[in-house]
Amino acid sequence: MAESTEQTKPVWRVPLADIDLGPEEEAAVLDVLRRRWLSMGEVTAAFEADFAALTGARHALAVTNCTAALHLAGLALEWGPGDEIIVPSLTFVATANAIRYTGATPVFADITGDNDFSLSVEDAAARITPRTRAIVVVHYGGHAADMPAIMSLAGQHGLDVVEDVAHAPGATLDGRALGTWGRIGCFSFFANKNMTTGEGGMVTTDDDQLAARLRLLRSHGMTSLTWDRHKGHAWSYDVVAPGYNYRIDEIRAAVGRVQLAKLAAANERRRALDALYRKLLPAAAPGLGVPYDVSRGLSSCHLRPVLLPEGANRTQFMAEMKARGIQTSIHYPPIHHFSYYRQAFGGESLPLTEMVGEREVTLPLYPALTPADVEIVVAAVAEALAVTLDEDSRPTVGLTALAV
Ligand SMILES: *Cc1c(COP(=O)(O)O)cnc(C)c1O
């Protein structure tokens, strides 16, 4: 094997996220390459079995990414034009795009509050109409949404629940894995998630019929796989639906198995670092909102969000953090404000989502971060906030005039 592994030059003193890839992933990939079977087969089956065991789901199907998982969920539940699907706006756009792939209408609902950015059960309830078919829940930042309340609401109205678990592999609520509360769970293994295969995802369900449908739609609607034919299990196939090619491959499944084995320890490490943030931030930066002060269930701590004081200039705050070598991000620009969704579905007002959309900043959080790094970030937050609030208090009339 070539020894040259030229690393990308570090641009940041503390990046937003970092992946943990080592000799075990390298060995797993090499093993697949040497066995010379690359498309979905034995390694994928083993990855799926491992994932089912971790979550307690009856079925786990590996797919090419979480967006495909969400699309398959909507197809398997037979969403179509005229159907309304309640979904948060404070999420990655894929959650809503996947609803649109089926022709159904996303109905955006607000979040719970400034300490919990997941779907508000009350606001979701207020948006139910005779056309509502399902609720899509996102476990923001790896913290459980209020699943008992959401399941009870869905039960009262005969709605399906789909969980976008992109942030929360390994997280639990009342001892039950997130992704196994609703009818279908959709996981992401994108490169900045808690476990990664580069691109990749998993769809979980306890329902045998849904699993069969998901399996068909993942692979062209065909009744047998190349792998089955290779093994002499099948000579031909039928096509029973216009399915997709949403399969993963053996190389990524091999990486996924190693990453999955590391997940529990990695999440534990994230929780400890997040606790340190929650301990240090309120004293260092009074006025800063530090949501999820207590987490519902066992979080996977995918993100560490903070809320800047009302009126603080976020662009400037993030520039001050950058000047100190700290990468930050925003989770999320609300979906209902994007041009496509605004034009197609109107400019709904979601006050709490908009408040978080304007004031939220995400701080670095990943397993390889050290407690000393967290202290560096917290000190930078205190300085950046002080500078930002100081600049804000200056008269800006003259500057505005110049800029025009
Ligand atoms: C990353 C992400 C997705 C999309 O996952 P992909 O695997 O990149 O398709 C969907 N929803 C949320 C909340 C995400 O963070």
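User: What is the strand order of the open sheet?
Analyst: The order is β1-β11-β10-β7-β6-β2-β3, 7 strands with mixed pairing. Strands here are DSSP runs (E, at least two residues), as are helices (H or I, at least four), both numbered from the N terminus. This is a predicted model: local features need pLDDT of at least 70 and side-chain atom pairs 80 or more, while totals for chains, interfaces and linings use all residues. Residues are numbered from 1 along each chain as its sequence is written, and side-chain values use heavy atoms, leaving out hydrogens and water.

User: How do you know that β1 and β11 pair?
Analyst: They are joined by 5 bridges. Pairing takes at least two DSSP bridges, so β1 and β11 qualify. The two strands run antiparallel. Within the sheet, Val63 stands opposite Gly201 in β11.

User: Why do β1 and β3 stand at the edges?
Analyst: β1 (59-63) and β3 (105-109) each have a single partner strand, so one side of each lacks a neighbour in the sheet.

User: What makes you say that helix α4 packs on the sheet?
Analyst: Helix α4 (residues 94-101) touches β2 (84-88), β3, β6 (132-138) and β7 (160-164). Contact means heavy atoms within 4.5 Å. The direction of α4 makes about 150° with that of β3. Such angles run from 0 to 180 degrees between N-to-C directions, with axes fitted to C-alpha atoms, for helices over the stretch in contact. Helix α6 (residues 147-157) lies across β6 and β7, at about 150° to β7.

User: Why is the pair Phe47 and Phe189 called tilted?
Analyst: Their centres are 5.6 Å apart and their planes 50°. Rings of Phe, Tyr and Trp (its six-membered ring) pair within 6.5 Å between centres; planes under 30 degrees apart are stacked, over 60 edge-to-face, the rest tilted. At 50°, the pair falls in the rest, so the word is tilted. Phe47 is in helix α2 (residues 42-55) and Phe189 in the loop between β10 (184-188) and β11 (201-205), so the pair ties together parts 142 residues apart in sequence.

User: Why is the pair Tyr244 and Tyr246 called stacked?
Analyst: The centres lie 5.1 Å apart and the planes meet at 20°, so this pair is stacked.
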